Amino acid sequence: MAEYRKVATVSDIPDGGMKTYRLDHDQIVICHSGGRFYAIVDECSHDAAPISTGHLRDHEIVCPRHGARFDITSGTVTAPPAVAPIDTFEVKVEGEDIFVRLD
Amino acid sequence: MADTTRHQKQDLSTLNTDYAVKYGFRDPVDYFHKGAKGINHEVVEMISQMKKEPKWMRDIRHEALDIFFSKPMPEWGNTKLLGEIDFDDIYYFMKPIENQQQSWDDVPEYIKRTFDKLGIPEAEKNFLGGVSAQYESEVVYHSLKEELRQQGILFLDMDSGLREQPEIVRKYFGTVIPATDNKFAALNTAVWSGGSFIYVPPGVDAKIPLQAYFRINAENMGQFERTLIIADKGSRVHYIEGCTAPIYSTDSLHSAVVELLALDDSYIRYTTIQNWSRNIYNLVTKRASAYKNATVEWVDGNLGSRLTMKYPCIQLLGEGARGETLSVAFAGVDQHQDAGAKVIHVAPNTSSRITSKSISKDNGRASYRGLVKVHKNAVNVKVSVQCDALLIGEEARSDTYPTMEIDNEQVKIEHEARVSKVAEEQLFYLTSRGLTEDEARLLIVNGFMEPFTKELPLEYAVELNRLIELEMEGSIG
Amino acid sequence: MDNDMNTDNANSEYKIPDMAPELMRGPQWLQEKRTLARDAFNSSPLPRRGLHLWRYTDPNRFMVDRASVVDSAYTEDYDAVEKVELRHLEQGRLSGLVTDLGGREINRYGVEKLAEQGILVTSLSEAVGKYKVLVEPYLYRLVNSATGKFEALNGALWNDGIFIYVPRGKSVAKPLHLLREAGRENSAQFPRLLIVVDQGSELTVIDEYGGGSHKMEKGLSYANSAVEIFGMAGSRIRYVNLQRQTSAMNSYLTHRAMLERDANMLTIILAFGGLLNKQNFGAILSGQNAESNMFGLTFGSGHQHFDCHTLQHHAAGQTLSNIDHKVVLRDKARSAYTGLIKIEKNARTCEAYQENRNLLLNKGTRAETIPELEILNEDVRCSHGATIGPIDPMEVFYLSSRGIPYDDAVRMVVGGFVEKTLKQVPDDLRERLRQFVNTRLEKI
């Protein structure tokens, strides 16, 4: 049985926004886009620093330092200079609570 | 063929006429008189209009300019020298006509002396001294062009490349180095002019090295060159730019961007000998993407400029890809060579090697900055890095800043660096065999650089050796 | 960092309040220094990510809100450890034992004999009054607000610490053992250590850090430590730093040693414990012929994250430094190592060597290594090397084919890897260190 941990509440993150959270041993960023929530590791695969200080463009997260972009649904790279994907986490929303699946 | 020649000659002859008359944009004469320095959207618009670029390229330029304005200057590296760059005191557009022609008298003494000692012929001297806008090698250039044309190889200056092959350019431009990458890549993307465009079709081996030397256009050795090389599947190409003779330029900021794409099974070797005059800030972004079983080699020699910041990078994106960087830096009086290499392993079964040799003399400073990054899924990766630094003289300085970020355990990563002065024992051994101390030191330095010089085409190697000799004698700078 | 579901008490907005009780501890001169440190901490920004000292570690995780943590009781294991060390003392294997419970309670054992020779082993709270003339010139000189924001935090809030002074020409034959015990969940401690070894004297210190929270869900514990060591001309110091804190502890430590002419220092870094363990060790060779040797062993398992920085700063001629840092990681552990060797312009004829070897035992581990050199004098012999790779499968196969279970075989190969370092450690310390290593290896 997969374990889910409540990490945030829906009202914490407006649509088009994102916030960083510590999930046990991982730093993750929860994104709110198009009415849905996504969770992705808060570390750019290009320079190993946080992406949560960037911004969201539809389904892409844009890293503030060098413009790398990642698809928040899959973690794949959509713009250089990043060349490797980053991990995503399964998210489920129950009422006002956002749960992230622990791996 | 004769037609082409005439066409070329015609193009070049218009260099000395009023651009406004030829291209007819609004009030350029007025613009020139107002002072042609500084960068803004108007200037970018004029550059693009003058080149008659498609809208998509113009948009890329404008967007890049905004990115340039939004980015801060780097906080690492030689921030003191970087701080001396005055972006408003630079010509990004055509210089006012009065300034275009220099006289031989304006060329600095040490450059003239070097030309003499290196035995550079008169015509070449004019070109390298920035006195004339073209190199009298048309005959050589044209027979070369014919050979390439038969193989289907495209070798053009970047402006022509964009004009004649817009689809190819649009497909690859900015995919290896986006404008957001760093402040200087953004600047280059906004105001680029000149540089090389090379496309090698699948399976073709461009047997002779393609040399930037032989591109003829006004923007040769320009400040903001943009180079794009695509080696299609299974092809091979060797490109050489720069030359050992010092190149004089009044433009103090040189910021080039070089993007290489080595598609599956291809091979690209890119050789650079940089010897800009000592007033120049040379800030370059060079990066290659190597796909499945492809090989990319950077052979990078840094001799000139006041400050060079350049870290050729290879991204190993396809399985079996291989990368090698061989870098040499000579930092003499008042110089700072801040060079290095980066390799990013994304795909499994990839390997890379970095060899860096630097020499600091007088109060020169040579820095090695490197990155070896192995991503999570890159299993079975081998990387070897060797950095050696030689210090000559009490004021010399050497730095090594290598970074290794390894996210996969099935790897073999090795890094080694050594710093020393010319060894007393070696000197003694040589002088006791009849060499003077200067001769002995030169021999040791040549031996130190040998892994690099043996990779150069012969005429470059010969010139490089002579140049090092002059540097060691102290007759330069 | 706004997560109320968070079990760490990190608060990126934390500022030390004006009337924090720690600021009043000690005589006037000390209070003034604490206040200056408080101001520096409050006004300095968080270190920026991307600069490599903080590239791999989030500084927010050390921004503990002092108001939201407690000085809690120590762990159950502590009593057992203390008993063991008391026995060592009785059996003459130690010159003295000092226990430091979360910086609140400092107890000393067996130091009377040392006191007879003028060798002082006291709490800092006692020393800043009674031995002001010995302490004031040195305290805060090497680790202070200029070093960084978190050093300023310790500078303001350290509660009590340890002071060791060895006068001229004395030799402390057996090690002095310092047992620092961190509190349980939601505790924070700010240990501080000042060691001054006068001309020609000798001292060995084992600085052991244990304790901490066992249950992440209940809350993490924190430590922010400062260590300052002064080795006068001709002194010989051996300093062992053993970090074996629990798996739910975030620990930050800055160490600086200043070595004068002909001084010789051996630093042994054993980074075994903690969840997030950031350490910064530095030796400043300020006098001719000074020598600094550092050996580091990092063992990471589970989700441990180690970030170690070493500095060998040659500010005088004919000095020698050497670092051998070995890292072994398994599970999802991670290690970042940055080592800087700096040779100043006036430092002629120096030698500096550095080696960093990383052994990654399985997929999921991460290692970063940045060995750096800044050389401003040509008359130097300097080299460094770094390797990263897996355990040699052949070596493990050889052992397991002889009936040794896989885990034991791995342990033996790792033991062999580590043995190369242990062989270079002085005889009288080796057994003790091997004990520490073996205890840790059992969990590898």
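The radius of gyration is taken over C-alpha atoms, and the globule rule is 2.2 Å times the number of residues to the power 0.38. Keep that handy for the first exercise. This is a predicted model: local features need pLDDT of at least 70, side-chain atom pairs count only at pLDDT 80 or more, and totals for chains, interfaces and linings use all residues. Residues are numbered from 1 along each chain as its sequence is written, while chains are lettered from A and ligands numbered from 1 in the order in which they are written.

**Exercise 1. Check the radius of gyration of chain C against the globule rule.**

Step one: with 444 residues, the rule expects a compact globule to come out near 22 Å; chain C has 21 Å, so the two agree.
Step two: look at the extents, where the C-alpha trace of chain C spans about 65 × 55 × 50 Å along its principal axes.
Step three: 55% of its 444 residues count as buried (20 or more other C-beta atoms, placed from the backbone, within 10 Å of the residue's own).

**Exercise 2. Work out which strands bring chains B and C together.**

Step one: count contacts (C-beta atoms, placed from the backbone, within 7 Å); 30 residues of chain B meet 28 of chain C.
Step two: find the strands (DSSP runs of E, at least two residues, numbered from the N terminus). On the chain B side, β17, β18 (397-406) and β19 (411-421) each supply at least two residues, with β19(B) giving the largest share, 11 residues.
Step three: follow β19(B) across. Eight bridges join it to β20 (residues 380-390) of chain C, and the two run antiparallel; strands pair if DSSP finds at least two bridges between them.
Step four: pick out one position, B:Ala417, which stands opposite C:His384 in β20(C).

Definitions and conventions. Buried ≥ 20, exposed ≤ 12 C-beta atoms within 10 Å, placed from the backbone. Contact = placed C-beta atoms within 7 Å. Helix = DSSP H or I, 4+ residues; strand = E, 2+ residues; numbered from the N terminus.
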